[in-house]
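Subject: The structure you asked for

Hi,

Here is the structure for you to open up. Have a look around, then read on for my notes.

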Amino acid sequence: MLSDYERLAHLNKDFLWNPFTQMKDYLSSDPLIIERGEGIRLYDVQGRAYYDGFSSVWLNVHGHNVPELNQAITDQLSRVAHSTLLGMANRPAIELAEKLAGITPKGLNKVFYSDSGATGVEIAIKMAFQYWQNKGVKNKKAFITMNQAYHGDTIGAVSVGAIPLYHEVFRPMLFPSHIIPYPYAYRCEGGEKMALEATLTTLRNLLETRAEEIAALIVEPIVQGAGGIVTMPPSCLREMAALCRKHDVLLIADEVATGFGRTGAMFACELEDVSPDLMVIGKGLTGGYLPVAATLATDEVYQAFYADYEEQKTFFHGHSFTGNPLGCAVALASLKLMEENKMIEGIGAKAAFVEQKFAKLKDRPHVGDIRQKGLMVGIELVRNKASREPYEWKERIGVRAAERARELGMLTRPLGNVMVFIPPLASTETELDAMTDILAKSIIDVTEGG
Ligand SMILES: *Cc1c(COP(=O)(O)O)cnc(C)c1O
């Protein structure tokens, strides 16, 4: 007789193809199978508890199984689960749009829904492209992105992506983008100042010579996520935005990871007083509950599409589940709960606590760099601290440290040699204390444990 766990594990291995997962490795492992969640903990089918140390891949805000959020979904469910937004509307989609226009950087007044960060990026790219076409500026067709950028996995989003490991195989399918350096201070000879200089100089030169061919620049504001949780030097985003404005190139802020309090402000753009032309949000939008994303546009962008039908300026894009009422209802409830709990106001103290906890790791022989903005932390492990020599990717040091963390009762997913700590924003100081201890111990055990 198979146990319940064994049965599910077999079925998983027989029928499920997991994302971003080499199934050959997975099939030889004991898969983690989650049964339920409570607060910031997840429980597997065998009843073991784990801290959700990466917010179920950077989504979760209030924890799991939150009564207010559950209630919002069941209330909406008792009315209607889904109806379309194609040429009609529904109550939560309208009310959420108003709310989002109110909390996002000034100028972003129009909300276009989709169902994942990637589709939100896809929409931003198509809007930017068609914006210039509709205005009769036919040559502005290209995009600028940053080295190691991640904007999602659909083909358009991959075309403005720049992580070779994920993107290279698809190169022949992609439209080419201009890639400028990301200011990665730890991996730059001259440190932060030179890294910043390289980014801005390259962008300036590119815009001075080719702005008339360029539709938009897309950027992960303040923190580059999947590229390794790499934080920007101060003023970088502001100066990039100013250069775009000066050269008449649209700025697309991909706030999918950084939005909804993650970096300490509601949106990372606020940290540098930047108002983009287009902004993409997802992940934390529904508190991490349901797949809703949105692309916000300025009135200026919107107006370029607003015309008599015969002019053929309509934005012909949409998805079956655009503006799903259940998702929009839980997003509204999540934002309400964020306000009631003064969540944004509380991030600073929690972030300071985490920073002070990880400061103890600074002297460890294989901790190269600790990067943090708000409750978004990346710890880069190196083989040689003095020379900053990285571990070889084949050593899978990050994976091993994450496996150790799981044994110790916390889930996370590394980015190569970078350990990721992105806890739910609702985590208490006691919980942050326990989680940071687990991560520190797993790093020490794996890098120093012989
Ligand atoms: C996660 C992420 C995306 C993609 O979002 P999905 O919902 O996974 O499609 C896009 N941009 C950034 C910055 C992200 O972190």
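Below is what turned up, starting with a strand and moving on to the rings.

A quick word on the basis: this is a predicted model, where local features need pLDDT of at least 70, side-chain atom pairs count only at pLDDT 80 or more, and totals for chains, interfaces and linings use all residues. Residues are numbered from 1 along each chain as its sequence is written, and side-chain values use heavy atoms, with hydrogens and water left out.

Which strands does β10 pair with? Strands pair if DSSP finds at least two bridges between them. Strand β7 (residues 214-219) runs parallel to β10 and is joined to it by four bridges, with V219 opposite A253. Strand β11 (residues 278-281) is also parallel to β10, through three bridges, and there I252 stands opposite L278.

Now the rings. There are nine aromatic pairs in the structure (rings of Phe, Tyr and Trp, the last by its six-membered ring, pair if their centres lie within 6.5 Å; planes under 30 degrees apart are stacked, over 60 edge-to-face, the rest tilted). One of them is F112 with F315: the centres are 5.2 Å apart and the planes at 80°, so this pair is edge-to-face. F112 sits in strand β4 (residues 108-114) and F315 in the loop between α11 (299-303) and α12 (325-340), so the pair ties together parts 203 residues apart in sequence. F315 is buried, at 14% relative accessible area.

Y150 and Y166 make another edge-to-face pair, with 6.0 Å between centres and 85° between planes. Is Y150 buried or exposed? Its relative accessibility is 17%, so Y150 counts as buried, whereas Y166 is partly exposed at 24%. Ring pairs link F20, Y150 and Y166 into a cluster.

Finally, look for charges over rings (NZ of Lys or CZ of Arg within 6 Å of the ring centre and within 35 degrees of the ring normal). R36 has its charged end over the ring of Y43, 4.1 Å from the centre, and K110 lies over the face of Y302, at 4.4 Å from the ring centre.

Cheers

How values were computed:
Helices (H or I, at least four residues) and strands (E, at least two) are DSSP runs, numbered from the N terminus. Buried means under 20% relative accessible area, exposed over 50%, partly exposed in between (1.4 Å probe, protein chains only).
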